[in-house]
Amino acid sequence: MLQVFKKLFGGKHERDVTAIRPIVDQINQHFESYQQLSDEELKAKTAEFRTRLNDATAEVDKEIAALDDQLKEIIEGPEHEELLNKKSDLEDEKDDMIAEVLDELLPEAFAVVKDACRRLHGTTFDLMGNKVIWEMIPFDVQLIGGVVLHQGKIAEMATGEGKTLVATMPIYLNALPGRGVHLVTVNDYLAKRDSVWMGLVYEFLGLTVGCIQNSMDSFQRRKEYACDITYGTNNEFGFDYLRDNMVVDKQELVQRPHTYAIVDEVDSVLIDEARTPLIISGPVKSDDHKFNEMKPRVDALVSAQRTFVSKIVGEAEKALADGKTEEAGIQLLRASRGLPKHPRLLKLFSDGANKKLMQQTEVEYLRDQSRRMHEIDDELYYAIDEKQHQINLTEKGREVLTKATEDKDFFVIPDLGTEFSVLDNDETLTKEGIQKKKDELTLLYSERSDRIHTVTQLLRAYSLYAKDDEYVVADGRVQIVDEFTGRVLPGRRYSDGLHQAIEAKEGVKVERDMQTLATITLQNYFRLYKKLAGMTGTAETESAEFFDIYKLDVVVIPTNKPNVRDDVHDLIYKTKREKYNAVIEQIKDMRGKNRPVLVGTTSVEVSETISRMLKRQNVPHNVLNAKQHQREAEIVSNAGLPGAVTIATNMAGRGTDIKLGPGVRDAGGLHIIGTERHEARRIDRQLRGRSGRQGDPGSTQFYLSLEDDLMRLFGSERIAGIMERLGLKEGEVIQHPLITRSVERAQKKVEENNFGIRKRLLEYDNVMNQQREVIYSRRRRALLSDRIKDDIMELMEEFAASIVAKYYDDGDLDGLINDVRTQLLVDLKLSPEDFQKLGPDGVSTEVIKAAREFYKRKEESLGNEMMGQIEKMVSLQMIDEKWRDHLREMDDLKEGIHLRAYGQKDPLVEYKTEGFRMFAELVDQISSEVVSSVFKLFPAAAQAPVRGPQRPPRADQLRTTHDSAMGMGFQANREPIAGQADPARAGKPQPVHVGEKVGRNDPCPCGSGKKYKQCHGR
């Protein structure tokens, strides 16, 4: 029925494209008329469009300007809040107006860009050191792609269809309001190249173009972001957002509001990179990791496991020979969970019948919610789940690790909830004794959790991460290799101690642990934009994830010319060795026909294996992988020459087209060889897409073996059954559409699994994201406002209520008076009779009244500007200091939260609950610290602030008492300290912090008018 509907009405993408065709006709009509204009008249269209935008929003702009004037006069109180809300509503109304006008302008604006491209045709210019001639004028399919991008959707366009040019039209249109548009690319080279290349069009039409590069300082970045259009990488945009939320002066901000962004290679950025958070970090105060200490024990454990698995593989071989099928199935399953890449085991699994037997046994033991799988795992020292990328240490393994210590409870984690409950009900202990015991238990829990975490990460490093596959070792450092592009990722480190575990495994220096200072995932960063769009050659297979996470629709754009590439069915071999030999023969055959060959691999290791085999056959070739990425653009640009052979990790070289050399088209075009299917279908499609661009001839073929990771892990029982029926023997090859379809089903299964992992990670990060939004919003308000007195007073009232609640029930009036004096420098005049008569609310009112009077006197003394400085700097410093500590605590919580699954608790629910509790404590800490510090902090020029207004000291008279990671702030000391005069500052006005040494006959800093010895010094 669905197929009939599609034939009658077309599929979704056909309907999407059909709906845009009338807009394309309008664009082309304007394009024809604009050709009669002079260059100056065409350029003047930009100013005309901007005038139309300004006219449409003129009334709203006047209202916003009037509110700004009122906000300068009314800086606090309910009326101030009401004005801010009105301004926010008007700004939303203005956004809607601008969106409506841009939709109206679209046909004309796109036509202006198209005609600018026509006028630039034949222009020679310098592009990254090369002389290039402009030869591009948008085709109709590119206009369709541009409309899709303006609509805030993802345009899937085949490789070579000119996505770089497509983006110029929606970028030009959306840059007209002057609020900044971002074009996001995957690396600095492409960002710079495209900003210069497409900059010809923008600058011809009078727009400014900027480009963010990794080496730029804040001043340069601010200048680039101020342009109408800014190119840069996803990492640079994300890190600049984080840095903007760490500055202490609004003049240091570099980014403008996030209005509109187009993400190039959107699948790479929003899918592949989604699991990697952006983190700004600093060294921890102390680094006492146990990786080097635990490595010898884990090393011995891994060796014992290898010996044991060799033994049970031998038993499986014997059982198979004796016809003991059930026993053989159990041993094969146990071996696959103990060492899945054991060479003899892989050889056994090259026989489809053995693979099928293992899978049937696995299904049997996984029934009833995995209740029997422990029977398999208990014989092992640890169990490896390659599909879930997890390691589980068994009781047998724990016993081996514990033998080296005298502590039999080396890996026993106390149940804090139960233990705390027991202590709370222990009547033999005092309050202090209970707290001491709780602290000891918490420390024990932390130490043992960390120990288990260290062992688990070392086991993961040994069992799941292979050198020259997931990472390389260069210059004595472990460097991560991007699994999709094959590029080294400089500066990236695995989180949760995994990187340190790999460093210990490889025998290089284990770097210090780092503390998170600021973090955000790319998923949550890009959700900041009011409108987001993307373009790529492969998005359709991930359309569900794009819509679910980002609310982005995918539209497949037809090619400008029909695709004539021949995608041949996969070839299946029993072993990798046979497969690689066949690949070499195919390369030699294609070279004999003068056709260029691009060999796509899934890892650095495979690319070097193919390279060594080609060298032995004296076949000239280029290798493009993580170790040669500096030559990337040069190698890719030459990959289409006659007889050229290029070996590349699948995604390397994206963004650079492979153009066919002389005679190659007639010889059959570029031939693509895939040495293995990737986990994601779109990566295979991207590799295929390197051939057959713009109607060129070409062909593609994948070579597979039963030893490939995808076939081992996700090749279903169906594939094993097909292979068994077809009777694949050593040295034989099978090419069958059933196998190809089954492999694609396996890929779909992996994609669904990976989507689940990413979604789960996002659920964890959403907890942090909600907290981040609250903290950053509070911080931004403090940073941008001249005064935040209203906020301080609101916090003070909450603070007062909490202090009263602390002392009222115990009837401790003296404790209350002393605490108010200590925390706020406020003298509370309250008799015991009034204390009892007023009740908690009445007493709170008296505290608030006294605090407001004190604050008013302080304002009169210091002046409005200085009070604004104190409020702002104290708030920023306290927010940043406490937020950093909170991030560290949340990292620690997340690190061990998975252990709660053993107690039949959902780790995510536990993380949310604990995270909420910790965040509530954070907010309370920030509030109390801000209130106390603002009340207690006095510059030296205001040592007696209550006896009449004085000339306020300058902001630079507030000195910092410590250097933090961000080099900010001043802070009132909490405890009395011995002071010592600084000769270098003699005669200069000095700040007086509470607790610093004050003469007993000096005026008290609280502003009471009394001498220090008669007031707070008594």
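Guide: The structure holds 61 salt bridges, a salt bridge being a side-chain nitrogen of Lys or Arg within 4 Å of a carboxyl oxygen of Asp or Glu. This is a predicted model, in which local features need pLDDT of at least 70 and side-chain atom pairs count only at pLDDT 80 or more, while totals for chains, interfaces and linings use all residues. Residues are numbered from 1 along each chain as its sequence is written, and side-chain values use heavy atoms, with hydrogens and water left out. Side chains of opposite charge can pair when their charged atoms come close.

One of these salt bridges joins D228 to R50, with 3.1 Å from N to O. D228 belongs to the loop between helix 11 (218-225) and strand 6 (229-233), and R50 to helix 3 (residues 39-56), so the pair ties together parts that are 178 residues apart in sequence. Helices (H or I, at least four residues) and strands (E, at least two) are DSSP runs, numbered from the N terminus. D228 counts as buried at 11% relative accessibility, whereas R50, at 23%, counts as partly exposed. Here buried means under 20% relative accessible area, exposed over 50%, and partly exposed in between, with a 1.4 Å probe and protein chains only.

In a further salt bridge, between D267 and R682, the closest N and O atoms are 3.0 Å apart. D267 is in helix 13 (residues 266-270) and R682 in helix 29 (residues 681-688), so this pair ties together parts that are 415 residues apart in sequence. Both partners are buried: D267 has a relative accessible area of 0%, and R682 one of 2%.

E797 and R852 also form a salt bridge, their closest N and O atoms being 2.9 Å apart. Since E797 lies in helix 33 (residues 789-808) and R852 in helix 35 (residues 832-862), the pair ties together parts that are 55 residues apart in sequence. E797 is partly exposed at 31% relative accessible area, and R852 is likewise partly exposed at 37%. Elsewhere, a network of salt bridges links D39, D115, R118 and R119.

Helix 36 (residues 864-896) and helix 37 (residues 907-936) pack at an angle of about 155 degrees, with their axes 9 Å apart; axes are lines fitted to C-alpha atoms, for helices over the stretch in contact, and angles run from 0 to 180 degrees between N-to-C directions. That angle makes helix 36 roughly antiparallel to helix 37, a label for angles over 145 degrees.

Five of the five residues of strand 18 (residues 597-601) are buried, so the strand is largely enclosed by the rest of the structure. V597, V599 and T601 are buried on one side, and L598 and G600 on the other, so that both faces are covered. Strand 18 pairs in the parallel sense with strand 20 (residues 645-649) over five bridges, and with strand 21 (residues 670-674) over four; two strands pair if DSSP finds at least two bridges between them. The bridge partner of V599 is I647 in strand 20 and I673 in strand 21.

Note on methods. Parallel < 35°, antiparallel > 145°, perpendicular 65-115°, else oblique.
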